[in-house]
Amino acid sequence: MPRESGEHEVLRVIADRVRSGSRPGARQDGHRVALAIEGGGMRGTVSAGMALALHEAGVAHAFDAVYGASAGAITGAWLLSGTPEQLTGWAEPVYARAMIRPSNLLRGRPMVDVRNLVEYLYCEVTRMDFDAVLANPIEYHPLATDVQTGRSTDLRPHLTGPAELRLALRASAALPFLAGPPVELAGRLFYDAGLAESIPYRTALAQGASHVLVLRSRPAPSTGMPAAGTATATGTPAARPSYGARLIAATVLRDCPEALHRSFYARDHRLMHDDALLAQYDRPAPPTAGAPADGQGRPEAAVLSVRAATDAPQVGRLTRNGKPLKAALEAGRAAVDRLLRPLGRPTAAP
């Protein structure tokens, strides 16, 4: 995999690891390389296509850890399950209909039925090897939002067995109202990761990642992104929350701590901040000895985001139609293929 002028540092390290045949648990380069997968309901089909392309290109073993938020946590589990080709299931209507079930509202059940998806479909129909995920030498880090603190929480310490892994998958995607009540795991209640960290790169950096590849499910913002330094990632949103957000806060989240309300209201603001910061990280200049430190004396990490093409078909959080979902999966796949093409198509070392 030859190096190109202007090659991003994240791609350089991945290329070097693939070429050398480096494997998790036996690294020689001193780096910690993380994969961060954005969710977003059925928008996660896009980032699932990206993860599938990484597997097909033979580069998945170049990562030391996989961080996933919401649907991205599900994709991360499939990537590490031993059967990552099952990621194509994101584009299958049976998959979407197992999770997006509008008729449930008539029965007083959640419309986004993550429990049915994880506890039935993944256990009885398209079986996920949960033990393989837990045993994979690549660390698995599903994120969720702690109801008491409103903070993004890494659920990895609680993954003591397959049952706990399934609870973590459900917790990471437990959208207020749409997906029902919070999920209890290890004596704590958790809602969807997106309330606190919808793009799970910040936790990866906080835990020492030196390089992060971010798989984005959302399209690039059109215009008007704020400068990354204009607010903190947990700052107060500048605009009044939408009517829908205020309604959910006043009903579903009514009895939840104020910390969760603040995190919930700050989602859009946080996303704008992340978009602006990630756009700065995408510049190809690698970190140097004189680069800004991360607060712990280490050079600033290298982070690279992947998005589908601007003209790619768009899907929504609740899309169930197979045709646009298939197009979204292929758009994600194509985005990673384009990313790797200048390096030559990577293949695993023999």
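Buried here means under 20% relative accessible area. With that cut-off in hand, here are some close-ups of this predicted model.

**View 1. Helix H10 and its buried residues.** Helix H10 covers residues 258-265, and its buried residues are Ala-259, Leu-260, His-261, Ser-263 and Phe-264. What do these buried residues pack against? On the strand side, they meet S3 (139-146) and S6 (188-191). Their helix partners are H9 (243-250) and H11 (267-281).

**View 2. Helix H5 crossing helix H7.** Here we zoom in on H5 (residues 114-125) and H7 (residues 162-172), whose axes come within 9 Å. The two axes cross at roughly 145 degrees, and the crossing is right-handed. From H5, the residues at the contact are Val-114, Arg-115, Val-118, Glu-119 and Cys-123. H7 answers with Arg-166, Leu-169 and Arg-170. Sorted by class, this contact has 4 nonpolar and 4 charged residues, with no polar ones.

**View 3. Asn-116 in helix H5.** Staying with H5, we pick out Asn-116, which sits in this helix. Is Asn-116 buried or exposed? Asn-116 counts as buried because its relative accessibility is 19%, and the cut-off for buried is under 20%. Once neighbours within four places in sequence are set aside, Asn-116 is in contact with Ala-98, Arg-101 and Leu-121.

**View 4. The cavity.** How many cavities of 30 Å³ or more are there? The count comes to 1. The largest cavity has a volume of about 70 Å³. Val-114, which also takes part in the contact of H5 with H7, is one of the lining residues. Others in the lining include Gly-41, Ser-70, Ala-71, Met-99, Ile-100 and Val-112. By class, the lining has 8 nonpolar, 2 polar and 2 charged residues.

**View 5. Asn-321 in a loop.** Asn-321 lies in the loop between strand S8 (302-306) and helix H12 (322-340). Which C-alpha separation is shown for Asn-321 and Glu-92? Their C-alpha atoms are separated by 8.6 Å, although the two residues are 229 residues apart along the chain.

Technical notes
Residues are numbered from 1 along each chain as its sequence is written. This is a predicted model: local features need pLDDT of at least 70, side-chain atom pairs count only at pLDDT 80 or more; totals for chains, interfaces and linings use all residues. Side-chain values use heavy atoms; hydrogens and water are left out. Axes are lines fitted to C-alpha atoms, for helices over the stretch in contact, and angles run from 0 to 180 degrees between N-to-C directions. Helices (H or I, at least four residues) and strands (E, at least two) are DSSP runs, numbered from the N terminus. A crossing is left-handed if the near helix is turned anticlockwise from the far one by less than a right angle, and right-handed if clockwise. Contact means heavy atoms within 4.5 Å. Ala, Val, Leu, Ile, Met, Phe, Trp, Tyr, Cys and Pro count as nonpolar, Asp, Glu, Lys and Arg as charged, and the others, Gly among them, as polar. Buried means under 20% relative accessible area, exposed over 50%, partly exposed in between (1.4 Å probe, protein chains only). On a 1 Å grid over the protein atoms alone, a cavity is a set of points where a 1.4 Å probe fits but cannot get out, and a pocket is an open set with protein on both sides within 12 Å along at least five of seven lines; lining residues have an atom within 4 Å of a point. Grid points are joined across faces, edges and corners, and a volume is the space filled by probe spheres set on the points.
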